[in-house]
Amino acid sequence: MNAHVVPCTNLAEYRERADAWTEGLPFPVLSGPSLDRYRSLFPEGELPRVETAPRAGTVISVGGDAGAAGRLLAAATGRTHRVVEPAGLARALAPLAGELVAVVGLAEDITASGDWPGAHGPVVGVVTARDLTALTCLVYRSLTAGAASEDRVFVATHPMLEDADLADTNEFEDILELGRRRPKLLVLKALGKECCAALPDGILCGRSDPIDAPPPPADPSYRHMPCMYGAGCHRADLDEDRRLPAAELHATVVFTHSCSSIAVGTNAYPHHVALGLGLLEGTAVAVVGALGVHIVQRGAQGDLEDALAEDLPLGRAVERLNERARPINGWLNRFGLLGDPGLVLGLPGGRAADAVAGPAEPADAAVRRDEEAVRDLAHLSNVVLPRLERLCWLEPGVDALAVEGFRIRVREAAEDLQAPDLASRVAGIETDLAAFQHATAAAIAHDIYVNGWNYGGPSLDGLREVSQRPMTCPNCARDRAALITMRHVVHAGLTVRTLQCRRCGDLWWTSEESDEPAFVLEGALDTDAVSGRVTGLSRTLRNDSEHVLRGGIGFAFAMRRFLGLPPEISAPISVLPGEKEEFTAEIDLVGHQPRPDVHTGVFIAIVNGAYIASSSMMRLAPAGSSEPVRPPETNFR
């Protein structure tokens with residue numbers, strides 16, 4: 001007899017030994033194929049001793065047959081244990097929200113409970129199998145998880161999936177090699193469903209028996225694969241040697257990305273063909289996999305590796321996967337755990353091991369950065385670019401092809417929201433878009449200097465006034481201004497607003513769509529200047545929005561190139577949310593000698609896709625004139 005394990009030949013013996021077991025006694029296990037497969041990992045014949053370190057959480061057994069196995073798991077790890085019938089599982093789990101709960105039971109009893117146990121609130125791991133011999137061996141393996149395991153990760157990916165070129169293999173032949181080696185973490189990114197995970201040249205099958213063996217009777221309401229009718233594998237393109245029963249695959253933990261690889265309690269196919277259950281009849285102690293239809297999330301593998309490297313219990317590791325997947329794919333990216341949620345497996349490295357030496361990034365920093373990048377990309381796609389596309393209607397000088405180029409870049413970035421370089425790609429788009437807007441502002445300012453100012457350009461004829469609201473003019477402080485809103489008759493999304501005064505004329509224009517603009521140019525309309533001096537004309541760009549303003553700002557005298565006025569000036573500008581940034585145009589009236597006059601100028605800004613314009617009147621007096629005494633300047637927006 002093995003010093004550490006006592007194989008039992010019947011259920012009565014197993015129950016008796018399980019009830020009497022304490023630390024130091026041989027650990028009881030029902031003899032069967034699962035124990036034989038595990039024994040094959042130890043060629044010298046000595047099975048490992050169970051580890052009795054405490055584990056967090058609670059153990060709940062479902063159904064009387066599983067009670068002995070659940071009691072052993074709880075006793076070996078210092079956890080409380082209770083037994084419930086399938087109908088009472090949901091009620092037992094409800095008060096344990098957020099806690100680690102190992103649910104121990106045969107697959108048919110878990111299914112009889114009516115749902116995936118994790119749907120009831122706790123952080124659940126389901127310790128389950130198709131029969132008691134496999135279940136008792138799974139409990140034993142979970143208590144000897146550190147034995148006969150290589151500290152490495154092996155990744156097999158279907159060649160049509162993302163990052164296939166980074167996988168250890170895209171070929172079925174290499175998975176067959178795992179029948180002779182046992183990585184600590186096996187990652188399967190394949191196409192599949194409850195019964196299988198497939199590569200183009202082979203299939204990992206949930207059945208542990210020969211494909212032509214008579215299957216056990218199954219409820220006719222289940223979906224049945226051809227093999228259940230004796231018609232062979234549904235992959236008729238493959239020979240039998242290209243089908244690997246999942247139980248023959250060695251790994252400590254298997255992370256599957258194929259659809260419905262975790263389907264205990266919600267299975268649409270008979271348990272006899274379930275991939276997850278087949279893996280648990282091999283040497284795996286746990287299977288982390290997809291619940292239902294699944295969209296592969298690129299970052300999930302790294303999240304799991306990091307969690308294991310941080311010595312998180314498996315239940316908390318899967319909890320992290322779900323928390324990080326939810327903002328991206330939600331229902332289509334839910335993970336479940338078959339195995340003990342309290343097990344701390346450990347894994348050398350993780351993504352942090354590949355980083356350049358330096359302070360470690362907080363575990364959730366990458367997630368926050370990725371979520372921020374997704375929000376920024378959404379803002380570019382849904383707000384900034386539509387504004388720029390509308391701006392092409394207002395300003396014929398705007399490069400519409402360049403705007404479309406940014407649309408293509410945003411669309412390409414959105415095709416892979418789990419890309420590790422997503423944040424840097426979004427930052428690159430924002431930087432280039434800011435430079436484009438600055439160049440656009442500079443070009444508009446130059447055109448104003450040469451040809452004059454005509455906000456709206458060719459679209460003015462298509463704009464129709466849709467509202468008019470009386471306002472107090474911020475320049476003359478009289479009730480003789482109006483806020484005018486105009487909308488284009490062809491482009492319904494093109495809206496322009498302007499503040500007009502019966503005395504002062506133009507005050508500002510904006511293509512921003514909100515009734516109360518979130519970013520505005522503030523400054524005095526009338527400014528006095530004297531020839532032979534340098535005068536500063538200023539505007540402050542105020543950002544009341546929730547996003548950083550990026551783009552360009554400029555100033556030009558309207559159609560004054562031939563009147564001796566200094567040329568246009570522009571600069572890039574960036575304003576944080578809730579902040580202000582001042583731009584001053586230095587007007588050189590020493591090197592340039594325009595005649596005294598009221599010289600009309602325009603400040604324009606192109607920021608976050610919006611076109612803002614603010615009028616300016618420079619009242620230029622001859623050299624030697626004293627500057628007039630004026631009342632305090634008023635600001636306007």
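Hi everyone, let's start with a count: a search of the whole structure finds 24 salt bridges. By salt bridge I mean a side-chain nitrogen of Lys or Arg within 4 Å of a carboxyl oxygen of Asp or Glu. Before we go on, please remember that this is a predicted model, where local features need pLDDT of at least 70, side-chain atom pairs count only at pLDDT 80 or more, and totals for chains, interfaces and linings use all residues. Residues are numbered from 1 along each chain as its sequence is written, and side-chain values use heavy atoms, with hydrogens and water left out.

Two more terms will come up a lot. Helices (H or I, at least four residues) and strands (E, at least two) are DSSP runs, numbered from the N terminus. Buried means under 20% relative accessible area, exposed means over 50%, and partly exposed is in between, using a 1.4 Å probe and protein chains only.

Now to some of those salt bridges. In helix H10, arginine 316 and glutamate 319 sit 3 residues apart, about one turn of the helix. Their side chains meet in a salt bridge, at 3.1 Å from N to O.

The next pair is arginine 542 and glutamate 522, whose side chains form a salt bridge of 2.1 Å, N to O. Arginine 542 belongs to strand S22 (residues 534-543) and glutamate 522 to strand S20 (residues 519-522), so this pair ties together parts that are 20 residues apart in sequence. Buried or exposed, what are arginine 542 and glutamate 522? Both of them are buried.

Arginine 619 lies in strand S27 (residues 610-621) and aspartate 528 in strand S21 (residues 526-530), so here the parts tied together are 91 residues apart in sequence. Arginine 619 counts as partly exposed at 27% relative accessibility, while aspartate 528 is buried at 19%. Elsewhere, salt bridges that share partners join Glu522, Arg542, Asp544 and Lys580 into one network.

Let's move to a sheet. It is an open sheet of 5 strands in the order S7-S8-S13-S14-S15, with mixed pairing. Two strands pair if DSSP finds at least two bridges between them. Which strands are at the edges? They are S7 and S15, each of which pairs on one side only. From one strand to the next, the twist averages 15°; the axes behind such angles are lines fitted to C-alpha atoms, for helices over the stretch in contact, and angles run from 0 to 180 degrees between N-to-C directions.

Walking across the sheet, S7 and S8 (residues 183-189) are parallel and share 6 bridges. Within that pairing, valine 155 has valine 187 in S8 as its bridge partner. Further along, S13 (residues 253-256) and S14 run parallel, joined by 3 bridges. Between them, the chain passes through helix H8 (residues 275-280), and this β-α-β crossover is right-handed. That term means that, with the strands pointing away from the viewer, the path from the first strand over the helix to the second runs clockwise.

On to the other neighbour of S14: S14 and S15 (residues 335-338) are antiparallel, with 4 bridges. There, alanine 290 stands opposite phenylalanine 335 in S15. How many of the residues of S14 are buried? The answer is 5 of its 5 residues. Helix H6 is mostly covered too, with 10 of its 11 residues buried, including Leu132, Cys137 and Tyr140.

I'll finish with two residues to look for in the loops. Alanine 148 is not a glycine, yet has a positive phi of about 50°. Alanine 148 lies in the loop between helix H6 (132-142) and strand S7 (150-157), and is partly exposed at 34% relative accessible area. Aspartate 311, also not a glycine, has a positive phi of about 65°. Aspartate 311 is in the loop between helix H9 (300-309) and helix H10 (314-325), and is partly exposed at 46%.
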